[in-house]
Amino acid sequence: MAIRSLGAASGLDLESLVTQLVKVERDSKVSRLDTTKKELDSTLSGFGKLKSALTKLKDASVALGEDKLRSRTTTIKQPTDTKTYLEAKSSGTAAAGNFDIKVKSIATGSRIESPDNAYSGANAVISTTAGKLTFEAGGKSFDVDVKANMTLDDFRKALNSATGNFGVTANIINAGDGTGTKLVLNSSITGEGNDLKISNNNAALDALSTVANGSTLDGSGGLEVAIGAGDAEVEIDGISVKSKTNTFTNAIQDTELKVLAVTPTDNNATLTIATDKKAAEEKIQAFITAYNALITEVDSLTKNRTLGDDGKTVLSEGGALSGDPMVRSIMNQVTKSLGGVFSSGGNELNNLYALGITFNEQGKMQIATTSLYGGDSGRTRFDNALENNYDKIADLFGGTDGISVSLDGLISQFTARDGILVNKETSLQEQLKKNTKDRDAFERYIESYEETLRQRYGALDSTLGQLQSTSSMLVSQLASLPKYN
């Protein structure tokens with residue numbers, strides 16, 4: 001009969017013995033693997049949090065770079081509350097000021113019409129022979145092929161769907177009352193001198209070509225310019241300015257105006273260009289918040305374990321990166337950079353202190369509302385900079401050697417694809433992979449170890465079982481021997 005489990009033959013609890021031996025062997029190794037994995041996961045997570053906090057600071061710094069702090073607000077007081085006559089936007093280099101703006105005219109495209117009674121209806125044939133019409137305006141052109149016996153309506157559809165059509169639309173107006181059916185063409189190309197011109201390669205199409213001053217281009221009649229293309233015109237503080245489109249670029253330097261309607265008589269629009277102090281302060285506050293969040297994160301990651309009075313009881317665990325000197329090295333470089341002098345801001349504003357930003361006892365940035373040693377408070381210095389040195393703030397952060405460029409370059413050394421932190425993360429990930437491989441290898445070992453124990457103790461169990469059987473037989477035989485008195 002086969003032995004079903006260890007100890008079945010000998011009666012000893014060998015199954016429990018093997019189980020305990022395997023557990024001892026497993027627990028010691030697995031405990032070390034688990035501890036290593038926990039430490040690696042914690043460290044990897046810690047460096048991930050550090051990189052994230054640094055990246056957020058970098059992003060907040062970039063938002064202050066270049067000319068991003070030179071934003072301007074454009075406010076328009078429209079002549080009436082029910083209509084928009086003018087729109088405007090200014091770049092960061094526009095000068096602040098107020099401007100009185102009168103819109104005298106809106107830019108228009110030309111309107112071309114056929115003479116009265118030129119066509120009997122939409123189905124009238126425009127030409128019995130084929131040809132080509134070329135449409136030109138403002139330096140643009142496109143062609144429309146006219147087929148033999150094409151009707152007026154077919155021509156309308158062909159023109160409206162023509163390849164390269166730059167904005168010419170054809171309509172048919174069936175007027176009756178003595179004027180008959182009229183072909184009307186409208187061009188979207190605006191500006192004086194940009195009237196739509198239509199030429200042909202077949203004299204049979206002269207009726208569909210434009211005329212000038214009552215004479216056709218070839219002397220045989222054609223379409224008439226009913227409304228000529230015109231410029232838009234505005235008066236800015238009494239100075240007249242024209243534009244071929246409804247957009248005026250740099251009529252006021254570094255400002256774009258878009259006119260939408262003619263202003264009422266003696267009722268002009270007022271444009272105010274001002275520095276956007278609110279947007280600037282919000283971006284600077286976001287930068288301060290990002291820096292302080294970095295300080296908080298680093299303090300959490302590098303804090304030491306706290307023990308009780310007995311020196312053994314753990315009151316609080318240490319941070320994930322408490323033993324890594326790299327963190328403090330990174331922070332020393334960041335704080336040293338921010339505490340430096342930046343010539344881009346000029347003598348008036350060449351450091352954060354001049355802007356009103358200081359560092360408190362915890363190393364965090366603040367704009368203090370209280371003053372020390374009789375000087376101005378941080379808030380006072382900050383408000384003064386916004387009011388009197390607005391563009392110098394942009395220079396301090398966004399100059400070629402300003403805070404944004406300096407901090408961006410520094411943090412990129414840590415967070416870029418080949419940066420120090422990314423390389424550190426890569427190394428930790430490789431160690432985690434090795435930990436997983438070691439665990440897999442150990443599982444294979446423990447299976448072999450258990451199998452070996454079972455074979456050995458199985459043989460022992462069998463031997464003990466045989467010995468016990470032999471012993472029982474001998475005892476039985478001895479018991480059956482004759483007894484002598």
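**Exercise 1. Work out the strand order of the open four-stranded sheet, and say which strands stand at its edges.**

Step 1. The order is S9-S10-S4-S14, with antiparallel pairing. Strands are DSSP runs of E, at least two residues, and helices are runs of H or I, at least four, numbered from the N terminus. Two strands pair if DSSP finds at least two bridges between them.

Step 2. S9 (168-176) and S14 (224-227) each have a single partner strand, so one side of each lacks a neighbour in the sheet.

Step 3. On average, neighbouring strands of this sheet are turned by 30 degrees against each other, direction ignored. Axes are lines fitted to C-alpha atoms, for helices over the stretch in contact; angles run from 0 to 180 degrees between N-to-C directions.

This is a predicted model: local features need pLDDT of at least 70, side-chain atom pairs count only at pLDDT 80 or more, and totals for chains, interfaces and linings use all residues. Residues are numbered from 1 along each chain as its sequence is written, and side-chain values use heavy atoms, without hydrogens and water.

**Exercise 2. Find how S4 is joined to S14.**

Step 1. Three bridges join S4 (residues 109-113) to S14, and the two run antiparallel.

Step 2. Take Glu 113: its bridge partner in S14 is Glu 224.

**Exercise 3. Locate helix H2 against the strands.**

H2 (residues 152-160) lies across S9 and S10 (180-190). Its angle to S9 is about 155 degrees. Contact means heavy atoms within 4.5 Å.
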